[in-house]
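The following questions and answers are intended for a reader meeting this structure for the first time. Please look over the sequence and the model before reading on.

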There are 2 protein chains.
Amino acid sequence: MSRALAVEALSAEAFQPFGDVIMVQGAETHLINQGTTTRFHDLANIDVGAQGGVPLISIFRAVARAFPLRIEMLERHPLGSQAFFPLSDFDWMVVVAEGAGQPELETMRCFRACGDQGINYRPGIWHHPLVVLAPSQDFIVVDRGGKGDNLEERQILPADARMVSL
Amino acid sequence: MSRALAVEALSAEAFQPFGDVIMVQGAETHLINQGTTTRFHDLANIDVGAQGGVPLISIFRAVARAFPLRIEMLERHPLGSQAFFPLSDFDWMVVVAEGAGQPELETMRCFRACGDQGINYRPGIWHHPLVVLAPSQDFIVVDRGGKGDNLEERQILPADARMVSL
């Protein structure tokens, strides 16, 4: 039987080993545009320049996962950070792990993000592909374009898979 | 009496002199994440490297403008592109003009964007600060951080102001 993975609330402190939480809470703010706009400033560390990489803006459209969800693989992008921000106000899930050459499964964590929270993975952070709860959810994504091998995937042995329940 | 500025629907073709429209329609797509996610790929040309600039991710929270709206100033960012994507599904407005040292007021145009459309101003494009119609609307913004003077503002003489009506 697969081991359960606890679901934690997403916060900047809890996510610190993996990257940034993109949200207005706690941000540096500037009042701009003749007082009609608040700028919540510089919410993620975009780090995409390795091997001549450039930042890209894309939209990811993800369909709902079935729960309980079996975590059977993780991936990472060694050459660049990857930021996600939801375009509709539904909770979603973030699964990450520490580890250098391989994900260390004992460090795997699952965070439940609110619909007004995005995240930014640092380069090389192991993570599961998008896990959404709504039937469909779009995200603005800022990641790296350019040459070089920027995707590594690792399958997890069935006996080591983790199970996420709602 | 101020001259009326026509409101046009936003499209990639119409906006081409000013930058990119960020939207899924017409995008290059990739099916990723074991078929659970569609990536609408590389939707805007991020151009922020001048004078050592770096890309930033911020959130702008704008309050509604009163209409009819008098366009009395324009601004531009000579050192970097600036991308906006709405985080809630309300229409919003984009006012731009061509011009090198000064905005050429005869070229001013106003586009009504849908809530699933973002835009990316190329460096140096004259534009009005955010114009939202909802009481409040948040946007993900990708623009330039770094040294250098990246903001120019121009007031428009009262006789030359343009008026935007809903």
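The questions below concern a predicted model and take up the contact of its chains, their symmetry and a sheet.

Q: What is the distance, N to O, in the salt bridge of B:Asp143 and A:Arg39?
A: The count of salt bridges between chain B and chain A is 2. A salt bridge requires a side-chain nitrogen of Lys or Arg within 4 Å of a carboxyl oxygen of Asp or Glu. The side chains of B:Asp143 and A:Arg39 meet in such a bridge, with an N to O distance of 2.8 Å.

Q: Which residue stands opposite A:Thr37 in β6(B)?
A: Strand β5 of chain A, residues 37–41, is joined to β6(B) by 4 bridges, and the two run antiparallel. Within β6(B), the residue opposite A:Thr37 is B:Ala62.

Q: What relation do chain B and chain A have?
A: A rotation of 180° with 0.0 Å of shift along its axis superposes chain B on chain A, with an RMSD of 0.0 Å. The relation is therefore that of a two-fold axis.

Q: Which residue of chain B comes closest to the rotation axis?
A: The copies meet through the same surface, because 100% of the interface residues of chain B are also interface residues in chain A. By C-alpha position, the residue of chain B closest to the rotation axis, at 2.5 Å, is B:Leu87.

Q: What is the bridge partner of B:Leu69 in β17(B)?
A: In chain B, 3 strands form an open sheet of mixed pairing, in the order β1-β17-β7. β1 (3–4) and β7 (69–71) each have a single partner strand, so one side of each is left without a neighbour in the sheet. β7(B) runs antiparallel to β17 (residues 162–164) of chain B and is joined to it by 3 bridges. In β17(B), the partner of B:Leu69 is B:Val164.

Key. Residues numbered from 1 in each chain as written. Chains lettered and ligands numbered in written order. Predicted model: local features only at pLDDT ≥ 70, side-chain atom pairs only at ≥ 80, totals over all residues. Heavy atoms only, no water. Pairing = 2+ DSSP bridges. Least-squares fit on C-alpha atoms with pLDDT ≥ 70 in both. Contact = heavy atoms within 4.5 Å.
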